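Try each task yourself before you look at the solution.

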Amino acid sequence: MDTVNINVSGKKFTIRKSVLLRFPQTKLGRLTEKWPEYNPEENEYFFDRNPKVMLSIFDLYRTGELHLPKNVCSFTVKTELDFWQIDESLISECCWKMYTTTLKAKAVIDVIEKSLNEHPFVNREELSTRQHLWMTMEFPQHSIVSKIWFTIYMLFVSMVVIIACLYTIPQLREPLRKEDSHLASGSILDMLLKSEMKGTIYRLDLACLVFFTVELLTKFTICPEKKRFFSFGLNNLDVTLTLIMWTAVVLDHIPIVEHVHIAHTVLRAMFCLNVLRIFHLGKSSNVMKLLIFTLKASLSAFGLLLVTLTMAVVIYATLAYFAEVATKADTFSNIPIAIWWTVVTMTTVGYGDICPQSWAGYVVGVICSLSGILLIAMPIAIIASNFDAFYSNMPAAEQRIRRKCLKEIEDERLKLSYNSGAGPQTLPLKTDQYYQPTYVPTDDEL
């Protein structure tokens, strides 16, 4: 009987060679005595691999189906399949979901870890003063001082957000000219064009602008890479807002443009864009990062939603328009108005400003609303699943970062202890020397 003896990490298996030849493209299907793994004295092949997966692999050669053991991690199974050159498509349908779920979870963890730790861990003692300042202003997790600075920064952001809301209250504005003292009787646009913020609120807004300008200039000055500075969207946002605000402030004090109210007011109205500074909160919030990950992973779902919803809106709007016209209800004056009603109905908003008045329009409305629920629910489920995947794997990614951090600490401790001639147990383990991984510029970049 032509058999083959295979030793996998001390566990021996015997199988017919004719069985292995059923899959000649795999590693076991091409065994020859010329391989270095072959031991002529023992008449066996030795492989230093995981023996727990081998029973499933041998069953593949016997039955033609690969059933995976439940007590082995799917990533370990993938590593073994790659080594034995077995294609993943041979995995049985009953085990495929379990196999892919773990791999997808690891892929999600890799994405999260890459975002949280794009650069290696660095000891604080290796940072220069300039690098310390940059890390303090840019990364809230760097130190206690950086957290205090970030808290102060967010207080100013909260102040400008409140001022942007108060900007639209007529009682907190004063007319530019005496003849425009009765602004309440006019439109909101006239009120904005012919009035300005009262002195106290204006000075608070100006103080916030000075603070953000000093912060932006300081951060740009100490930035190790000036080109990299403009690669961050939040920095570009700060630069744009600062230029707009200072342009409006300059126009406030130039008599030549005192009566050019429209252009001036437009710039002043852009002070409300300061609310966009709230995005800086994402620097210390992992939830914001999870939302970004979810949006990126759900682009295909958003595309599916947009395409299907657009097609359905056009179809139902046309049907509703002609249904009303045929019954002489004349509810929709044109198809664009019908499109507005269809969008409101399919998204289950239902403003009620316009609705069908005939029995034919009612039928179209019922079908339209039910279709909207189904069309929106399907891609929303995909988006929710992606968010759950990132949210549930965030602790695992953070745990991996902590393990790497502790390994770096241990390696550094052993290195210092052996270099100093002391035993490895004589130096204490100071975990406070390390911190959340962030971008750290090198001395060559300064």
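The model is predicted, so local features need pLDDT of at least 70 and side-chain atom pairs count only at pLDDT 80 or more, while totals for chains, interfaces and linings use all residues. Residues are numbered from 1 along each chain as its sequence is written, and side-chain values use heavy atoms, with hydrogens and water left out.

**Exercise 1. Describe how helix α6 packs against helix α8.**

Step 1: Two packed helices are described by the angle between their axes and the distance between the axes.

Step 2: Find the helices, which are DSSP runs (H or I, at least four residues; strands are E, at least two) numbered from the N terminus. Helix α6 covers residues 144–166 and helix α8 covers residues 199–222; they pack at about 140°, with axes 10 Å apart.

Step 3: Name the arrangement. That angle makes α6 oblique to α8 (under 35 degrees is roughly parallel, over 145 roughly antiparallel, 65 to 115 roughly perpendicular, and the rest oblique).

Step 4: List who touches whom, where contact means heavy atoms within 4.5 Å. From α6 the contact includes W149, I152 and Y153, and from α8 it includes D205, F211 and E215.

Step 5: Sort the contact residues: 13 are nonpolar, none polar and 2 charged (Ala, Val, Leu, Ile, Met, Phe, Trp, Tyr, Cys and Pro count as nonpolar, Asp, Glu, Lys and Arg as charged, the others, Gly among them, as polar).

**Exercise 2. Find the buried residues of helix α3 and say how they are placed around its axis.**

Step 1: Buried means under 20% relative accessible area, exposed over 50%, and partly exposed in between (1.4 Å probe, protein chains only).

Step 2: In α3, residues 74–83, the buried ones are S74, V77, E80 and L81.

Step 3: Look down the axis of α3: these residues fall within an arc of 115°, so they line one face of the helix. The arc is that of the directions from the helix axis to the C-beta atoms.

**Exercise 3. Are N43, D330 and S146 buried, partly exposed or exposed?**

Step 1: N43 lies in the loop between β3 (38–39) and β4 (44–47). With a relative accessible area of 42%, N43 is partly exposed.

Step 2: D330 sits in the loop between α13 (299–326) and α14 (335–346). Its relative accessibility is 54%, so D330 is exposed.

Step 3: S146 belongs to helix α6. At 1% relative accessible area, S146 is buried.

How values were computed: Axes fitted to C-alpha atoms, helices over the stretch in contact; angles between N-to-C directions.
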